[in-house]
Amino acid sequence: MLFIIALILLVGSVFVYFSSKKSGKIQEAKFSLIGITIGGILILAQCFTVVPAGTVGVVDFLGSVSNITLKSGVNFVNPIANVIKFSIKTQEFKENMNVPSKEGMSVQLEISLLYSLDPENASKIYKSVGQNYEEIILVPQFRSVVRGVTSRYDAKALYTASREQLATEMKDELEKLVGPRGITIESAPMRQIILPTGLTASIEQKLQAEQASQQMQFVLKKEEQEADRKRIEAKGIADFQEIVARGISQNYLQWKGIEATEKLASSTNAKIVVIGSGKSGLPLILGNQ
């Protein structure tokens, strides 16, 4: 529209300029030159468009859409064409849903969807769907996929560690549906899952019982290991005593007794030594007390 106005201004100013020169109206000719300058600047400005960072431009010339998308920056375009800008940044869609579980229970789910538009398919999206492609194809497919995936899992799986697997399945299935249309699915994280109060309590009790059972198994395993350690230790002591007993004989004991007698006899302490003739044949040494 601005281009048409500028073009009319330019043509009118040129006509006035030549008419004024022929009639000798110098003042009108000067004003017409100003109109020519303004119209020319406006027309030139309409030949360029600025595409902001994180967006691409789709050129629509009187219903004919170009397959080439305009990149971020300054682009030369047909001044009559309309440039529709699409964001290619990562966008988030949040949804609070009541979804069914495998048992048929209703579960409240708070989930996000991170997605972006493939810049190479922007013109395809514009021609086949339009600018509001999220509302037309993305959101309905997302809601359908979420309900389909949750209906294959028990409520406990939604509440426990299996939720990561659910998020992956949702992303993969949704990508198969909207990926060919030019929409990239990045992730579908589940922020919050709210189960019926009674079910939540029973699941938590069951989880606590499982944790207690695992703790008891750990304690029993530790006690078994301690018993094995004590058995090994006792066997080692018994083996040592058996080895020592085999190495100690009567002659060895008498020899050690003679050595002790010699040491006592050579000491400076007062003592009485009685030479014995008993079974051992060792002397008896008495002190001075």
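Helices (H or I, at least four residues) and strands (E, at least two) are DSSP runs, numbered from the N terminus. This is a predicted model, in which local features need pLDDT of at least 70 and side-chain atom pairs count only at pLDDT 80 or more, while totals for chains, interfaces and linings use all residues. Residues are numbered from 1 along each chain as its sequence is written, and side-chain values use heavy atoms, with hydrogens and water left out. The structure holds 9 salt bridges, a salt bridge being a side-chain nitrogen of Lys or Arg within 4 Å of a carboxyl oxygen of Asp or Glu.

**Within helix 6**
- K171 and E175 form a salt bridge, 3.4 Å from N to O.
- The two residues, K171 and E175, are 4 residues apart in helix 6, so about one helical turn separates them.
- K171 is partly exposed at 22% relative accessible area (buried is under 20%, exposed over 50%, partly exposed in between; 1.4 Å probe, protein chains only).
- E175 is partly exposed as well, at 30%.

**Around R152**
- Salt bridges with shared partners join R152, E169 and E173 into one network.
- In the pair of E169 and R152, the closest N and O atoms are 3.0 Å apart.
- E169 belongs to helix 6 (residues 163–178) and R152 to the loop between helix 4 (133–150) and helix 5 (155–159), 17 residues apart.
- R152 is partly exposed, at 42% relative accessibility.

- E120 and K71 meet in a salt bridge at 3.2 Å, N to O.
- E120 lies in the loop between strand 7 (106–117) and helix 3 (122–128), and K71 in the loop between strand 3 (64–65) and strand 4 (73–76), so the pair ties together parts 49 residues apart in sequence.
- E120 is exposed at 53% relative accessibility, whereas K71 is partly exposed at 40%.
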